[in-house]
Amino acid sequence: MSIPNSGILEALLYTAGDEGLDTKQLCDILEIDEQTLLQLVEDYSREGLLIQRYGSKLVLTTCEAAKPYIEKLIERSSKMKLSQAAMETLSIIAYNQPVTRSDIEMIRGTNSDGAAKTLIAKGLIEAKSEEQSRSQQLYTTDLFLNVFGIEHIDELPTTDEDEEEIESFFNNLVNQKGEHNE
C-alpha cells in the first residue's frame, strides 16, 4: 500500500469528529509509522482547517481566523452553559485528578453528583473504575484538552499564576464552547 495523502487523513479525522483519533490507531489504519503520520500532519494545508495534537489524539479543527465567526455561531446556538457548580467541579477534577465524587464533595462542601453527571454527559470528564479503589475515579478527557487548546494537563495554569488568569481559563469553556453536543 502506498503512503496516503493528507486528504485521507483529513477524511478519517473528519469522520471521527470532536473526539479525534489516537495516533497509534491512525498508524494502524493508514499502515504507516508514526514519523510518516507526523509528516502528513505537518504537510497538511487546508484553508479554514488544521490538524491539532491533543495528548495522543489528532483532531481536525478550525483555524484561528475562523474563531470569531465560530464564536458567534456557538453563542447563538448555545442553549445551556456550564453552571458555577459544574465549573468548580471541573476545576477540582482538572487540578486533582484522579478524584472521587466524595473527594469533590469534601473540597466543595456540597454534593456534586449533578455537576459531575453534566460534565460526563458533555464529554469533559470520564469515570473509571480502578482496582485499588471502591469508588470510581474521575479524570478529564481529551475533549477537555481540546476545548482548552492544550496538549497535556500539566499546561493548566498553576496556583503560582494570577488567580484571575485561572478563572479566565475555565470561563473560556463557557464563553467559547457553550453546549457540547454528542
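Which residue takes a positive phi in the hairpin of β2 and β3? G55 does, with phi near 65°, in a hairpin that has 2 residues between the strands. Helices here are DSSP runs of H or I with at least four residues, and strands are E runs of at least two, numbered from the N terminus.

This is a predicted model, where local features need pLDDT of at least 70, side-chain atom pairs count only at pLDDT 80 or more, and totals for chains, interfaces and linings use all residues. Residues are numbered from 1 along each chain as its sequence is written, and side-chain values use heavy atoms, leaving out hydrogens and water.

Let's look at the strands. Pairing calls for at least two DSSP bridges between two strands.

| Pair | Sense | Bridges | Partners |
|---|---|---|---|
| β2 (residues 49-54) and β3 | antiparallel | 6 bridges | Q52 with V59 |

Now to the helices. The axes of α5 (residues 84-96) and α6 (residues 101-108) come within 10 Å and cross at roughly 115°. That makes α5 roughly perpendicular to α6 (65 to 115 degrees counts as such). Axes are lines fitted to C-alpha atoms over the stretch in contact, with angles from 0 to 180 degrees between N-to-C directions. On the α5 side, A85, E88, T89, I92, I93 and N96 make the contact (heavy atoms within 4.5 Å), while α6 brings I104, I107 and R108. By class, this contact has 5 nonpolar, 2 polar and 2 charged residues.

Terms used:
Parallel < 35°, antiparallel > 145°, perpendicular 65-115°, else oblique. Nonpolar A, V, L, I, M, F, W, Y, C, P; charged D, E, K, R; others polar.
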